[in-house]
Amino acid sequence: MPDARYNPPQRMMDKLRLSGWGAALVCLVAVLWVPAARAASWEQPASDLARQIASLTGPGPARLLMQNVSTLPAGDLPVIRRLLEQDLRRLGVLPGGSDSATLIRVTLSENLQGGLWVAEVQEGTETRVTMLAVPLAPAAPGGSGGAITIRRTLLITEDAPVLDAKIFVTGGVQRLVVLEQEQIVTWERNAAALATDAWMPDQTFPIAHTRPFPRDLRGELVAAADHPFDAWLPGVACHGTEAGAGVGTALSVTCVDSDDPWPLAGTMLRQTAFYNDLRDNFTGILAPGLGMDLPPFYEAGEIPHETGASLLLTLVDGRVLLMDGGVAKPVTGANDWGSDFAVLRSGCGSGAQVLVSGSGAAAAGDSLRAWEIAGREAVPVSAPISVDGAVTAIWASTDGASATVIVRREAPVRYEVWNGSALCN
Amino acid sequence: MNLRQKLLLMFSLTVVGLVVAVAWIVSVRVRRVFEGIDQQQTAALVNQFQREFHQRADDTASALDRMAASDAVKQIAFVLGNGGDASSYLQAALPLAQEYRLDYLEVVAHDGSIISSFQWTARFGYSEPAIAGAGQPAFLKQEDLPDGTSQIGIFAARRVEGSDPPLYIVGGRQIDASFLKNFPAPAGTQVYLYRNVTGSFDTQNFGAAAKSGGVAHFRSLVDQARNTGKSATGVVYPTKKRADSVDASGIPLKGLDGSVLAVLVVANSRRGMVEVQAHIRDVAFGVAGLGIIFAVLVSLWIAVRVSRPIEALARAAGAVAAGEWETRVDIHSRDEVGELARSFNHMTRQLSEQRDRLVQSERVAAWRELARRLAHELKNPLFPLQITVENMVRARRLPAREFDEVFIESAATLQTEIANLKTIIGRFSDFSKMPKPQAIEMDARESVRRVVKLYGPALEERHIQLGTSIASEPLLILGDSELLHRALSNLVLNAMDAMPKGGTLTISVARAGDVARLAVADTGEGMTPEECERLFTPYYTTRQHGTGLGLAIVQSVIADHHGTIAVESAEGGGTRFLIGLPLMGDKVEA
Amino acid sequence: MARRFVISVLLVAVALTAQARTRPHYGGTLRIEIQGDPWQMPDGLARRLVLDTLATVSDTGTAQPALAVRWTAQNADHRWEFTLRPGVRFQDGAPLTAEAVVTALNDVCSRGAAANPPMACPWRMIRAVGDSVIFVSDTAVPDLPALLAQESFAIARQDTSGTIIGTGPFRVTGFANGALLLAANDDCWAGRPFADSVEIHPHRTVRDQWLDLSVGRADIVEVPPEMIRPAQQQHLSLLVSRPVDLLALTIAPNGPFSGREMRQAIALAVDRAALSNVIFQKQGEVTASLLPQALSGYAFLFSTDRNLDRARALRGGASPTGVILSAEDTSATLHLAAERLALNLHEAGFAVRVATTPARQPTALTLRRVHLEAASPAAALDEMLARFGQNGTVTATDPVSLWQTERGVLENDTIVPLLWSPRAWAAGDRVRDLRLWPDGAPRVADASLEGAK
């Protein structure tokens, strides 16, 4: 099933390349590997390869040459070499003999499936080869907590397209629910666990549907009052319920064909919107409604103010409207907004920021930026940060404190689920 | 060939010879004049080519100069000089070559490696030594091409202005058929370029001109020019027609190192000269033809004056030879021919008179011989008659009985002798009365069989053995069976007479070609050659009592049948008569 | 190698960001121009749009459900059962049944057997059971799902007029003004495509394609690998695939190169670096392997070094004459590469002439450009063996087995891999969300148009 993501209009992209690129780099906190953890993760592969090499060479001195042609950080090479030498010595192979007739050439390579460590054992004119497939990223999805930024947290990485993912806490159990195109996957961990602790795989529920999904498939997870969550997809509504409490509690998901309107984010207006499952947008018809017809839109969110809340809309034609008191007001300064956004209630500034994606620099993919709506004008209140990929969806959490950002990375394609929040400086 | 023809031929040859001699002299003179003109034209063309070549060379060098100063190549040099990637300029030569209308262009790095080659894109990275000529005048260069061929071009090498490290451009324009096509050669002049790219002569090196054929005939010229490095000239015959021949010059074109890279072949058509020569020849032929006609007329006139009396003499001599002794020729002149005619007439008169005298003497001799024969023949029976009559006279005196006996005996003798006389006279009479044969279709074998049957018993009585050989197939002739029987009978009788003591008589008849050959051979005494010569003369005989008419009759009969008769005899070896009678053609076959 | 791969990835990213706008809109007509034939086997673009396969492959080569929602292997990979996705219909409304799949695949096999080189179907028997398709083979086929993801095994049928019908996102509507016309399949099981229609203009030169792109007459055009750098210089929105086309020299094992040493000499004489750096403008990955390094991870084990001295020594005194090197197609780049190889071989003492036109009959040396569709090492090696007409299939998927199989094929030196090159496309300003399949084909169904409503 294909997926889609949005970005701001192109004309703004050039500005960002010129003015925002440096700031984006400054704000980007790279994912850092903990050396010790990495060393531990190479122990088993090094041991396995040493065993394979020893079976070819037998005990005795040997020259060991190593090279790295993979995307492994250069700093990993000496670590792996040290581990490999240790394991070889333990097996009777003595690396370091510069005049040995046995040459072991180890190449840290990789392919699409992951790492591939290749050992060539050359004795005279005869060369024998052994290989070992090695996970390129040995950490489990979200297991070690992933990359963390001051504004966003990596929840999980999936190969399959992800529509939405949110964490629901019920009965002392943190449950990460991932809405995919054909299934709902749940992971769980103890609610008291650290953010860096690993998610444990839980359950998988296929999404039954009788009509084909649209190509630009969207889906949203929404917390429900009497059960953990609902999942809304075009023409389908799923309800996640649980029968008990604590870790290991059985969760059940039932999906039915449904044309019911999707609940819009926010707690004040409490509007639902009908979804056009042929065009992947909301029809503009709200329930109970605002007393006026709205044009088709992609996303809506509440902007609270002193007397209530306005409804912010990104229209299908690219415009951004603010519905306030039955009047539709075009928002200026939002020309480079994408279609999806989430309203975050940070308590900073005006109290609500709009997290919107924008096109980033050429090599870094899209960016995220926080905006505030001042009157009819959209004003950026943060520097853009790069997400190293394409933003395919942004969904606000039910309480409005954070948002789920889905980013598609390329080559190979994988989907990262980030939790974004606006922190006060 | 008669005299008149000889005279005609002599006069004609004389005239034709004179005309040919004049035509040849004129033709040679014309050829020399044309050759001189051709040489001048070729020299002019070569000079013009060299001027054109230098012009093109200057144009090429100028184009390279402009290119070396252009922003486009300066930019390339700048980028490369600042560590730019040369590979991105792989196709750089293409637009430059098109812009400057060059057939060849290479952008060459300072180390001599090709960065971009218009003519052979794949040669990037390989070295181009021609950058050694950077800054020098344009030069000839042989360029290898991707299709395995080589071409000759006018090249120039330049260093791009301000390039550091140096960047070179080596460009040129091809010298080929299109180059030569623009070369202003006069009508009738062909200019070819032989590219000296192979060890041995190859017509393909003429490029497109090789397809037209005929260039192979320039081989010796080209070989001479490229081997010696000097110009070579000669007449080349592309076809068997002289009109297609050309006066060709091969001019070697050399590269920077002095090696011959190409040979420029300038070929001036000799058609004009050959056509003038042909015209002269045609005129000569016309004049010669008229001369021959004139010679015929003259010879006819001369024949009238010279050959006609001689021809009359010849005809008269022929008539005399045919027995017309009274033939005479007219005398029309007093020259040697007239004197000859007079001598001829005199000679014929004398011959005629001598012949008359000879006939006269022969007639007398014949009568004498006849008289002698008659006397001789008649004398023989007359003598017994005289004796008998004398006996009878004397017997008158005898008693009657005896007289009767004598009388009866004498009367018998008289009758016998008288009958003998009649026979003799009858023979002479018969000879004079030989009838013409009544020819009918008959088989020659029947005549032989008839004779054998008739004379078989008589031969037996005389102890003569008879041998016959008769052909198995019919031998049809047109003949008179009676006359032929008579002739054969005479021959058989002669043979019997020739063998009084017996012997063998052989009679044969067989086919010999288109005649029926009859032979009558005996084993008698034979005859001398002299006797054989006179054998068929009338009244000649070798016998004591012969009339000499038998064989004469035989010869007459055979002659009347258009046959031949011959005799073969040797003294003591018998005699054989051979008769040949013509067979009837188709009927014989039937 | 890795650097180039990263660059390619970045180029894709450039394309994506450069084209990114709002969420994809529906509607509009996408105009695509290509050099070849949209129906050409096995990777014609129209086939991609009209037909589907039982499975697809992810970027990592993992088989993903498509027309089949799941599959199971039995009897040590000798028997496979593929369960079809329910509710899928052909573009004419006929349901996709297991029988239809069997018929379509049997057609593929019968057509493939007549192809040159023959395309072998790895199964002995195929039958329909309910909504499942059963494949039975004599040898283990561990990578059958990935194999069935190849476009060669797309499920198609023809109606009475000969029009090809599939289950894909677009259906054929006609051919007008030199363009193949396709319309969106509203009932596509994978969702209606964003564009209402697609026009594919075949047989367009690259120059014309770029011209049409620049003036807005085309939305998606091809960019040959050697033109990627100029395209970057012209700031075209590029999508560059990973290496998917193998340039290889095939040597006929008979004739002048019947001796293996002669073939070795040829292999040692070729200069891959020049091909990659100059002719392919650094957009290729030199290789001596049938699989790209990024796919197999072990391609570096096959040496790409040039050794002229060794080549001359192996040639000995032999100087075969009349040797023709022909390029497989009329591409100017391929011809240029052939000329370069002829120069290389000339240095080693071989007199080789480059054919001016593609040879109809096999020549002693043939320069081929072979497309790789599979994205998993085992399936890819299987595919390459078939493309080069080699016997045998891959029965084990571990890297060592694959390497041994490949080494066994290459040590005959009848195939000399030279260069892996990517495929690239340039998209117009109004095209959004265009991405590439793993084999470099554009995912047209996922692209949308900026101006559409």
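The structure is a predicted model, in which local features require a pLDDT of at least 70, side-chain atom pairs count only at pLDDT 80 or more, and totals for chains, interfaces and linings use all residues. Residues are numbered from 1 along each chain as its sequence is written, while chains are lettered from A and ligands numbered from 1 in the order in which they are written.

Helices (DSSP runs of H or I, at least four residues) and strands (runs of E, at least two) are numbered from the N terminus. Among the elements of chain A, the lowest mean pLDDT, 32, belongs to helix α1 (residues 10-27), and the highest, 92, to strand β12 (residues 229-233). Residues 1-35 of chain A remain under 50 in pLDDT, yet the model has 90 contacts beyond four places in sequence for them; two residues are in contact if their C-beta atoms, placed from the backbone, lie within 7 Å. Residues 138-150 of chain A also have a pLDDT below 50, with 24 contacts beyond near neighbours in sequence.

The contact between chains C and B involves 13 residues from chain C and 10 residues from chain B. On the side of chain C that touches chain B, at least two residues each come from α8 (272-279), α11 (332-347) and β17 (352-354) of chain C.

Chain C contains 13 helices and 21 strands. Of its 453 residues, 55% are buried, that is, 20 or more other C-beta atoms lie within 10 Å of their own, with C-beta atoms placed from the backbone (exposed: 12 or fewer; partly exposed: in between). Of the contacts in chain C with a separation of 6 or more, 70% join residues 24 or more positions apart.

Helix α10 (residues 308-315) of chain C buries C:Ala311, C:Leu314 and C:Arg315. These buried residues line one face of α10(C), because they fall within an arc of 100 degrees when seen down its axis; the arc is that of the directions from the helix axis to the C-beta atoms. The cover over the buried residues of α10(C) includes α7 (260-269) of chain C. Just after α10(C), C:Gly316 adopts a positive phi of about 65 degrees.

In chain B, the buried residues of α9(B) include B:Val448, B:Val451 and B:Tyr455. Just after α9(B), B:His463 has a positive phi of about 60 degrees.

How values were computed
pLDDT = per-residue confidence, 0-100.
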